[in-house]
Amino acid sequence: MYRNAIERDCKRVFELICHLECKTLPFDRFTSIYQKQIHNTNYHCLVCECDSNVIGVLNLRFEEQLHHAEWIAEIMEFVVHSSYRKRGIGSEMFSYACQIAKDFGCSQIEVACNQLRTDTHRFYEREGMHNFHFKFSKLLVDDNIVENAIGK
């Protein structure tokens, strides 16, 4: 079952995203951001629930972009618990998110994905996405770290 995330989902969404990032994020800060986003119409947090347990989350952000002169949706976080993968849940969530973005008025959906997540790249390509852009980043703290590693 797919539905909008609600306040009581916070801990489970936190656990899924920490698993995705291979690190434990600060729960208090995460909770504060989560609360703001689920009440902000420019975000849509979609969860997949199975047997009363949240097993997947796809968080969208909607923004008007000058270089498109239109609304664009961006997948900010997307993870399905590893024991539920390869069942089509991710594809269904992605398709549902695309429809949510269209209904919001977005002309495009985008996602940034770490270069090391090659399985994820294949997933997005299977879903009809194209890798037309580079995304660059620079740490503003501890900027002497230059290694690309998930969990850092």
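Okay, let's start with strands E3 (53-65) and E4 (70-80): they run antiparallel and are joined by 10 bridges. Two strands pair if DSSP finds at least two bridges between them.

Before going on, a quick word on the source. This is a predicted model, where local features need pLDDT of at least 70 and side-chain atom pairs count only at pLDDT 80 or more, while totals for chains, interfaces and linings use all residues. Residues are numbered from 1 along each chain as its sequence is written, and side-chain values use heavy atoms, with hydrogens and water left out.

Back to E3 and E4. Val-57 stands opposite Val-79 in E4. The hairpin of these two strands has four residues between them, and there Ala-69 takes a positive phi near 55 degrees.

On to E2 and E3, which pair in the antiparallel sense over eight bridges. Tyr-43 has Arg-61 in E3 as its bridge partner. This hairpin has two residues between the strands, and Asp-51 takes a positive phi near 50 degrees. Then E1 and E2 run antiparallel too, joined by three bridges, and Tyr-2 has Cys-48 in E2 as its bridge partner.

So what order do the five strands take in the sheet? It's E1-E2-E3-E4-E5, an open sheet with mixed pairing. E1 and E5 are the edge strands, each pairing on one side only. On average, neighbouring strands are turned by 30 degrees against each other, direction ignored.

Now, helix H3 packs on that sheet and touches E1, E2, E3, E4 and E5. Contact here means heavy atoms within 4.5 Å. The direction of H3 makes about 30 degrees with that of E3; axes are lines fitted to C-alpha atoms, for helices over the stretch in contact, and angles run from 0 to 180 degrees between N-to-C directions.

Which residues of H3 are buried? They're Ile-89, Gly-90, Met-93, Phe-94, Ala-97, Ile-100 and Ala-101. They cover an arc of only 130 degrees around the axis, which puts them on the same side of H3. That arc is taken from the directions from the helix axis to the C-beta atoms. Here's the background: an α-helix has 3.6 residues a turn, so residues three or four places apart point the same way. Buried means under 20% relative accessible area, exposed over 50%, and partly exposed in between, using a 1.4 Å probe and protein chains only.

What covers the buried residues of H3 includes E1, E2, E3, E4, E5 and H4. On the face turned away from the buried side, you'll find the exposed residues Lys-102 and Asp-103. Just after H3, Gly-105 takes a positive phi of about 110 degrees.

Two more residues and I'm done. Leaving out residues up to four places away in sequence, His-19 touches Ser-82 and Arg-85. His-19 and Ser-82 are 63 residues apart along the chain, and their C-alpha atoms are separated by 9.4 Å.

Last one: Arg-117 sits in the loop between strand E5 (106-111) and helix H4 (118-126). Arg-117 counts as buried because its relative accessible area is 18%.
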